[in-house]
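Notebook open, model loaded. I want to see how the chains meet and then what holds the parts of a single chain together.

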Protein chains: 2
Amino acid sequence: MEKNYTAALLVIGNEILSGRTQDTNTQWIGKKLSDRGIRLIEVRVVPDIEDEIILAVNALRAKVDYVFTTGGIGPTHDDITSESIAKAFGVPAVLDEKARAALLSHYKKEEDLTPARLKMATVPEGAVLVANPVSGAPGYRIGNVYVMAGVPMIMQAMLDNILPELKEGAPILSNTVTCNLPESTIASRLEEIQDEYPQIEIGSYPHFRAGELGLSVVLRSPENLPLHEATQKVIHALEALGGIAHAVSIQSKI
Amino acid sequence: MEKNYTAALLVIGNEILSGRTQDTNTQWIGKKLSDRGIRLIEVRVVPDIEDEIILAVNALRAKVDYVFTTGGIGPTHDDITSESIAKAFGVPAVLDEKARAALLSHYKKEEDLTPARLKMATVPEGAVLVANPVSGAPGYRIGNVYVMAGVPMIMQAMLDNILPELKEGAPILSNTVTCNLPESTIASRLEEIQDEYPQIEIGSYPHFRAGELGLSVVLRSPENLPLHEATQKVIHALEALGGIAHAVSIQSKI
């Protein structure tokens, strides 16, 4: 069995906490990592406060293989991620010549590299840049921490540049079975199936659709055969209880 | 000046971390709390793992006035929130007679109160119930921790029942000014305005619309007059730089 790697995400930004902005980066990153056999096992959202960023990044980088951060690497006064990450690693934040060159190639003129923009080229000493094909200002890696922009389009472009350099585990396959039964009817049978397949993560998620309670059973595992077997048992159990089971987004195969 | 209270949210569920489900509860809760003068200052998302839930809830409840949790209080094997919260508080999880009665009134027949459903009436000893008008199974409060369902419609109904009992600070007013300039052009002037009004939280958020970089400047404060003044200065600064500023969602008034 291949190793599965772990990751954590640190979302930095008052705008997520106040409810002004709906975070969508968590879902994007969670999916992309699953595809590469890396499990996102914790997310934290913290405000633009240096001590909070330092505490969170130090707690998370000690706990997982890879930490990702989003937000706070822009040119304005509330962008304090790079300074905070530098302090978390006990290194100075320094103007990076390659980052400066990336900005110059984006803004074209030397005189357009204002102090505010040069802040985006100031990164923790020892950081390795991650290219930003959208707006020039790069992300970077320091230790096991990848620092990315918060704007989804830019974050996604940076992540595409990061993914190939991550260690890859067995992709986590996921099967979903939806059904028109309330989840309490299947609970005891589902627990039996979970006990029989302890290596498979089985989740039961109720939903309302058109005013009716229904559920989705999600089975996740890097191992194809037991996943397929357990999924069949879930389908049979739901049908035996009089439900109409729909097997949707089945990744395992026999 | 009235006190502002603080809150944290603990989102419990593998489905958020894997990317299967887009969390929307954070935004909803963040907004509702802001309206009551309570600042959401941290969010954590953890998997359905007992030790992780215990660690997170104990860290958060020591840090803020109110902790909210979402998810993991249903009838299936992966719903382990109540047991974990009980352990975090060092109390047993017990069948609550009022919770049982709420379930009976929802399911109607005694024989429909299966062991799986009765699990939803099993809460940490000493918990005070929060009514669930949608699907019967209640949420609850223990200490400063409010435990709610993960399904948004149910969470929202529970939160409506919780909000009136929270201590209320001055509502946090929020003004938003959008503009067609990239944020780096306004950065230095914005920092001056921030320095002049340290009690106002000023955030600058870039966005892409129709392929063009623009920005939203968000100013937040429980104090009306300085907020209004600072907002006017931001608008004038943006216009002085040649931008077209739109004042949108302005809550402060003169």
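My entries below go from the interface to the inside of chain A.

**Ground rules.** This is a predicted model, so I note that local features need pLDDT of at least 70, side-chain atom pairs count only at pLDDT 80 or more, and totals for chains, interfaces and linings use all residues. Residues are numbered from 1 along each chain as its sequence is written, chains are lettered from A and ligands numbered from 1 in the order written, and side-chain values use heavy atoms, with hydrogens and water left out.

**Interface, extent.** I looked up the contact (heavy atoms within 4.5 Å) and got 57 residues from chain A and 57 residues from chain B. The buried area, meaning accessible area (1.4 Å probe) lost on putting two parts together, summed over both, is about 4600 Å² between chain A and chain B. Carbon and sulfur atoms give 56% of that area. A:Arg20, A:His77 and A:Phe208 supply 14% of what chain A buries against chain B, more than any other three residues.

**Interface, polar side.** I count 20 residue pairs in polar contact between chain A and chain B, both residues at pLDDT 80 or more. Polar contact here is a pair of N or O atoms within 3.5 Å; within protein, one must be able to donate a hydrogen and the other to accept it, and residues adjacent in sequence count only if both atoms are side-chain atoms. For salt bridges (a side-chain nitrogen of Lys or Arg within 4 Å of a carboxyl oxygen of Asp or Glu), the rule finds two across this interface. B:Glu52 forms one with A:Lys63, closest N and O atoms 2.8 Å apart.

Strand 2 of chain A pairs with strand 2 (residues 38–46) of chain B, antiparallel, over three bridges. I take strands as DSSP runs of E, at least two residues, and helices as runs of H or I, at least four, numbered from the N terminus; pairing needs at least two DSSP bridges. A:Val45 has B:Val43 as its bridge partner.

**Inside chain A.** Which residue makes a salt bridge with A:Arg36? I find A:Glu168, at 3.1 Å from N to O. A:Arg36 sits in the loop between helix 2 and strand 2 and A:Glu168 in the loop between helix 7 and strand 9 (173–179), so the pair ties together parts 132 residues apart in sequence.

**Hairpin.** Strand 10 and strand 11 of chain A pair antiparallel over nine bridges. A:Pro206 stands opposite A:Leu215 in strand 11. Two residues lie between the strands, and A:Ala210 takes a positive phi near 50 degrees in this hairpin.
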